[in-house]
Amino acid sequence: MTVLGRATRRRKGRPGPPGPYALLPTLLMGLGAFSNLWQGETPNPWVGGLGLLAFNSLYISVVFRGFDRRRRESVTSYVLLAAMGTITFGLSIGYGGNWLLFFPLFSLACGTILRGRRLGAGLVVLAACACAVAVWRGDHVSEPWTIGYGTFISGAVTAAILTLSETVTELRATRQELARGAVEQERLRFSRDLHDLLGHTLSVVVVKSEAARRLAPHDVDAAVAQVVDIESVGRQALTEIREAVTGYREGSLATELERAGPVLAAAGIGTAVHRSGPAPAPQADALLGWVAREAVTNAVRHSAATSCVFVLDSTPERVRLTVTDDGTGSGQPVVTTRGGTGLKGLAERLAAAGGSLESGPGPDGGFVVTAELPAGTWAPPGVRDCG
């Protein structure tokens, strides 16, 4: 089961954010007004009935629009809210008593539509108006300040809950996107590692096999030694692939340079390694190890070279690895895309680490790969010839 699949199953057991239906029971606050109509205690009952019907219809429409950001921020939502306000003031001023409870309901509707400063200013004004109407009518069902406080708190709490709900929803969506991105990054890492590992290993196996075939008719012992090397390379490749699958493979430049000598020598390519300056940081060292590995693979596969030189120049700020061969690509013109996917993938890795990778024909012929990265500290400088 994938990471996303497990996350989806966990989310199914969690309560979701509140929806518009959660706010519909608040309409029961209007039962007092409906009771007045039913018992004939309201003058002009047809006006009161139509007003109650219009208020409830507008309330439902506004609440549902409040849960859709695009519809909530449209002009229609503000028009509907204004119509609700007109009806609220008309019914409360005209009838008083239980009809004053439409102020908290209207405030709640405002909390679903308005945000920020508009909401704060609107609720203060609305609460003050509710108090004033209650005092003016004098037949309020509770103290005027209670109606004003209830009007303010209804809108404020509703807006706070909905804002928090939207934030949680966005955070969940962001977490899903991050999980999806992590999966994609892991797939990309594995595909790059597998390409570099198998490309290098298969190139070594081919070179060793060709050497064994050439030596077999004349020197059986030397041919057997090449076959033993092929077995060793295969076992080493299995270990490296397991490490790549689990993400624990962290190669080093020194290791890759040690392996480069015998591999290039088997292909008839002489090798020289020159190092100077302080040591790169472990992360940079690992990346340069991949560059050296890919350069060796390309030299064995494509260069038809007779020599390959590795030059590491390091300072406390930057480290540069330059790999130069004198090949011509088996007699074909050398192009900057030699190495294909491997060098492109390495260029992306180095760019992500704040470095760069350039490859192409050298000024004196051959092929040059230059990698540059931020550095750390290194061992004493030295020169090593591998053959």
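**Notes on the predicted model**

1. Let's begin with the overall fold. Residues 24 or more positions apart account for 74% of the contacts in the protein chain, counting contacts with a separation of 6 or more. Keep in mind that this is a predicted model. The protein chain has 12 helices and six strands, and 39% of its 387 residues count as buried.

2. Next, have a look at helices H6 and H7. H6 covers residues 102–113 and H7 covers residues 116–137; the two pack at an angle of about 175°, and their axes are 11 Å apart. An angle over 145° counts as roughly antiparallel, so that is how H6 runs relative to H7. On the H6 side, the contact is made by Phe103, Phe106, Ser107, Cys110 and Gly111. H7 brings Leu119, Leu123, Leu126, Ala130 and Val133 to the contact. By type, the residues of this contact divide into eight nonpolar and two polar, with no charged ones.

3. Thr158 sits in helix H8, which runs over residues 144–215. Is Thr158 buried or exposed? Its relative accessibility is 8%, and the cut-off for buried is under 20%, so Thr158 counts as buried. Leaving out residues up to four places away in sequence, Thr158 touches Leu23, Leu108, Gly111 and Thr112. Gly111 also turns up among the H6 residues that contact H7.

4. Pro144 is also found in H8. With a relative accessibility of 14%, Pro144 counts as buried. What does Pro144 touch, once residues up to four places away in sequence are not counted? The list is Cys131, Ala134 and Val135. Pro144 and Ala134 are 10 residues apart in sequence, and their C-alpha atoms are 5.4 Å apart in space.

5. Val205 is another residue to check in H8. Val205 is partly exposed, at a relative accessible area of 23%. Setting aside neighbours within four places in sequence, Val205 is in contact with Ile230 and Val233. Val205 and Glu231 are 26 residues apart in sequence and 8.9 Å apart in space, going C-alpha to C-alpha.

6. Now for helix H10, residues 253–266. At 1.5 Å a residue, its 14 residues should span 20 Å, and the end C-alpha atoms are 20 Å apart, so the two figures agree. Where does H10 bend? The bend is at Ala260, by about 30°, and a proline, Pro262, follows within four residues. Ala260 is also one of the buried residues of H10. Just after H10 comes Gly268, which takes a positive phi of about 80°.

7. Last, a backbone point to look at on screen: Asn44. Asn44 has a positive phi of about 50° although it is not a glycine. Where does Asn44 lie? Asn44 is in the loop between helix H2 (31–38) and helix H3 (45–66). Asn44 is exposed, with a relative accessible area of 55%.

Technical notes: Residues numbered from 1 in each chain as written. Predicted model: local features only at pLDDT ≥ 70, side-chain atom pairs only at ≥ 80, totals over all residues. Heavy atoms only, no water. Axes fitted to C-alpha atoms, helices over the stretch in contact; angles between N-to-C directions. Parallel < 35°, antiparallel > 145°, perpendicular 65-115°, else oblique. Contact = heavy atoms within 4.5 Å. Nonpolar A, V, L, I, M, F, W, Y, C, P; charged D, E, K, R; others polar. Expected span 1.5 Å × (residues − 1). Bend = angle between axes of the 7 residues up to and from the residue. Buried < 20%, exposed > 50% of the residue type's maximum accessible area, 1.4 Å probe, protein only.
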